[in-house]
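Student: I am new to this structure and would be grateful for a close look at one part of it. Please take the metal site and the aromatic residues, and explain the terms along the way.

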Amino acid sequence: MARIRPTLAAVAAALLLAGCSSPATPDASSTEAPPSATTGATSDAGSGSGSDDASSMALMAVVGTADDPEAYEISITDADGQPVTSVPAGDYELTFVDESTMHNFHLMGPGGVDIATDVAGSDTSTVEVTLEPGTYEYLCDPHPSSMTGTLEVTG
Ligand SMILES: [Cu+2]
């Protein structure tokens with residue numbers, strides 16, 4: 001009886017070895033499939049719009065009003081001048097519209113964002129800013145109680 005066990009073990013070992021070492025059936029899953037990640041690139045090139053809007057969105061940081069730069073108003077608007085209170089996270093081109101000599105625009109928030117225009121001088125420059133999810137606050141430094149607002153950035 002004791003001789004059967006080594007015999008069975010030998011047969012089993014032979015079967016296992018045969019199964020492992022057999023190159024008879026090529027395994028399709030083991031071959032490296034070429035990556036199919038190029039589909040996303042064609043949509044941008046094919047649009048033909050020539051616009052950069054999708055890659056960098058535009059916002060305006062406005063002090064005063066169009067009629068009166070010294071008005072006690074402060075807001076963030078889209079490129080069309082419509083007030084914005086919530087935007088998705090991403091890279092933005094923020095254009096200051098600060099032609100006031102007694103107000104400024106000061107933006108603070110996540111990601112170390114802390115940028116401000118001069119109070120006395122006018123500033124219509126454009127800066128690139130990366131907005132991360134969270135709440136950004138903006139205010140006029142000389143009038144923080146009456147000229148303030150928030151911008152919610154969603155993930
Ligand atoms: Cu002010």
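Tutor: The account below begins with the metal site and then turns to the aromatic rings. This is a predicted model, in which local features need pLDDT of at least 70 and side-chain atom pairs count only at pLDDT 80 or more, while totals for chains, interfaces and linings use all residues. Residues are numbered from 1 along each chain as its sequence is written, and side-chain values use heavy atoms, with hydrogens and water left out.

The copper ion is coordinated at 2.0 to 2.6 Å by H103 (ND1), C140 (SG), H143 (ND1) and M147 (SD). Donors here are N, O and S atoms within 2.8 Å of the metal (3.2 Å for Na, K and Ca). The four donor atoms subtend angles of 87 to 130 degrees around the copper ion, so the arrangement is tetrahedral (four donors, all angles between 85 and 135 degrees). Along the sequence, the spacing of the donor residues is H-x36-C-x2-H-x3-M. C140 and M147 are both buried, that is, under 20% relative accessible area with a 1.4 Å probe, protein chains only.

As for the aromatic rings, the structure holds two aromatic pairs (ring centres within 6.5 Å). F105 and Y138 have ring centres 5.2 Å apart and planes at 15 degrees, so this pair is stacked (planes under 30 degrees apart). Because F105 lies in the loop between β4 (90-97) and β5 (106-109) and Y138 in strand β8 (residues 134-139), the pair ties together parts that are 33 residues apart in sequence. Strands are DSSP runs of E, at least two residues, numbered from the N terminus. F105 counts as buried because its relative accessibility is 0%, and Y138 counts as buried at 6%. Together with F96, F105 and Y138 form one aromatic cluster.

Methods. Phe/Tyr/Trp six-rings, centres within 6.5 Å; stacked < 30°, edge-to-face > 60°. Helix = DSSP H or I, 4+ residues; strand = E, 2+ residues; numbered from the N terminus. Buried < 20%, exposed > 50% of the residue type's maximum accessible area, 1.4 Å probe, protein only. Tetrahedral: all angles 85-135°; square planar, octahedral: opposite > 155°, others 65-115°.
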